[in-house]
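Please view the sequence and the model before reading on.

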Amino acid sequence: MATQPLLRLVKGEEATVSDDALCRAFLTGDGAAFGELVSRHQRLVYVLVRRYCARPEDAFDLTQRAFLQAFEAARRSLPRLGRRGPVPFRAWLVRISLNLGKNHLRQTRRWAEAPLEALVHEASPTPVPSETVERAQQERLTRATVLELPPRQREVFTLRIDGDLSFAEVAQTLGIEESAAKASFHCAVRRLRELFAASKEEKKR
Amino acid sequence: MTCDDCEAVLIDRGAGEKLEEAALRVHLSACARCRAFDEAVQEALSLAELPPLSEAEEKKLEGLAGSTLAVWRAAERRPHPVRRWVALATAACVGGLVTAAVLSQRSPRVGRSLAPEVRTSLGTEELSWELAELPLLEESSPMEVELALYEVPWTLSDDSLLEGDVK
């Protein structure tokens, strides 16, 4: 016999409902709440993980895993949290996304799959316009350069630029002071400036 | 505003922070070094930015909720790995107990102490085996003969008087 959800979303009011309420509604059996939560945050998760992935397929895979892990974390924590506090679903999601991205990067480096090269050198049945190749090369360079940053700087940069999170949110997600997040961002930008300048010099030669 | 202050402000501006621009403009107009830094920051940030999502990516994102929910429900239907191990361990324990019970019915020694057993009597089967090994005594066996030889009659003869007896 199918169980009835304890909480159910009212149609048309999904956008006004908090993440916490949606999460609780889904975990008590309301499938619509799941869809609303995923739709609400899927773009954020995707843009965060695609920084670490050379192929869109990998980024989609990581996005899906991030949601599944966040829901699993919510299911485990809900009995402990009870009615005391809201489920920090978005914060979990962002943190899980970064961790999945970092793990993916580590694995691809370990297995030397060279996915960054694959983006450009992938065999294509039809001739690729030079403009597309150039754009792909630029994207590869961009990705590789940002991934060369030290981990903390990279995380702050990704959250601020890709995720469009405020410095306060970046600091909260990473568990650091806002001033430290800003300092890391400044270092990241200075370092990127040097790296891009160096690569420009190399091209000239 | 110093050059160091200006650089920090320029990076913040690059990050999209809302700032008071009047002092910045005054410094930039007078400082070529900071103007060059501003250009470099803008360039680095624009280079580091990933391109907007393609149509294919947008389309795939639209179907993400449905596919993720399907994966979640499929995982829910599968037995949890820990629960499966617990079920297997329970089954093994029950099986072991049943086997032990059956064996203990067959052999009374199963489950007893490992201390050496003191035998106080022979079992029926063992006793009959030992009796079968012993030879049956014959009716006129040497033992009976010996008993007859030492049999003393209750009536004594005269010769049977001992020294000192009075006749």
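For two packed helices, the axes are lines fitted to C-alpha atoms over the stretch in contact, and the angle between them runs from 0 to 180 degrees between N-to-C directions. The model described here is predicted.

**Packing within chain A**

Helix α4 (residues 89-110) and helix α8 (residues 167-174), both of chain A, have axes that come within 10 Å and cross at roughly 70°. Angles from 65 to 115 degrees count as roughly perpendicular, so α4(A) is roughly perpendicular to α8(A). On the α4(A) side the contact is formed by A:Arg90, A:Val94, A:Arg95 and A:Leu98, which meet A:Glu169, A:Gln172, A:Thr173 and A:Leu174 of α8(A). By type, the residues of this contact are three nonpolar, two polar and three charged.

**The interface of chains A and B**

The size of an interface is often given as the accessible area lost when the parts come together. Between chain A and chain B the buried area is about 3400 Å², and carbon and sulfur atoms give 67% of that area. Chain A brings 40 residues to the contact and chain B brings 34 residues. In chain A, the residues that lose the most area to chain B are A:Arg50, A:Phe60 and A:Arg193, together 17% of what that side buries.

Eight residue pairs are in polar contact between the two chains, counting pairs with both residues at pLDDT 80 or more.

A:Lys182, A:Phe185, A:His186, A:Val189 and A:Arg190 of α9(A) make the contact with B:Glu7, B:Ala8, B:Ile11 and B:Asp12 of α1(B).

**Salt bridges**

Over all chains the structure holds 16 salt bridges, and two are found across the interface of chain A and chain B. Two examples follow.

| Salt bridge | N to O distance |
|---|---|
| B:Glu7 and A:Arg190 | 2.7 Å |
| A:Arg51 and A:Asp162 | 2.8 Å |

A:Arg51 lies in the loop between α2 and α3 of chain A and A:Asp162 lies in helix α7 of chain A, so this pair ties together parts that are 111 residues apart in sequence.

Definitions and conventions:
Residues numbered from 1 in each chain as written. Chains lettered and ligands numbered in written order. Predicted model: local features only at pLDDT ≥ 70, side-chain atom pairs only at ≥ 80, totals over all residues. Heavy atoms only, no water. Helix = DSSP H or I, 4+ residues; strand = E, 2+ residues; numbered from the N terminus. Parallel < 35°, antiparallel > 145°, perpendicular 65-115°, else oblique. Contact = heavy atoms within 4.5 Å. Nonpolar A, V, L, I, M, F, W, Y, C, P; charged D, E, K, R; others polar. Buried area = accessible area lost by both parts, 1.4 Å probe. Salt bridge = Lys/Arg side-chain N within 4 Å of Asp/Glu carboxyl O. Polar contact = N/O pair within 3.5 Å; in protein donor to acceptor, adjacent residues only side chain to side chain.
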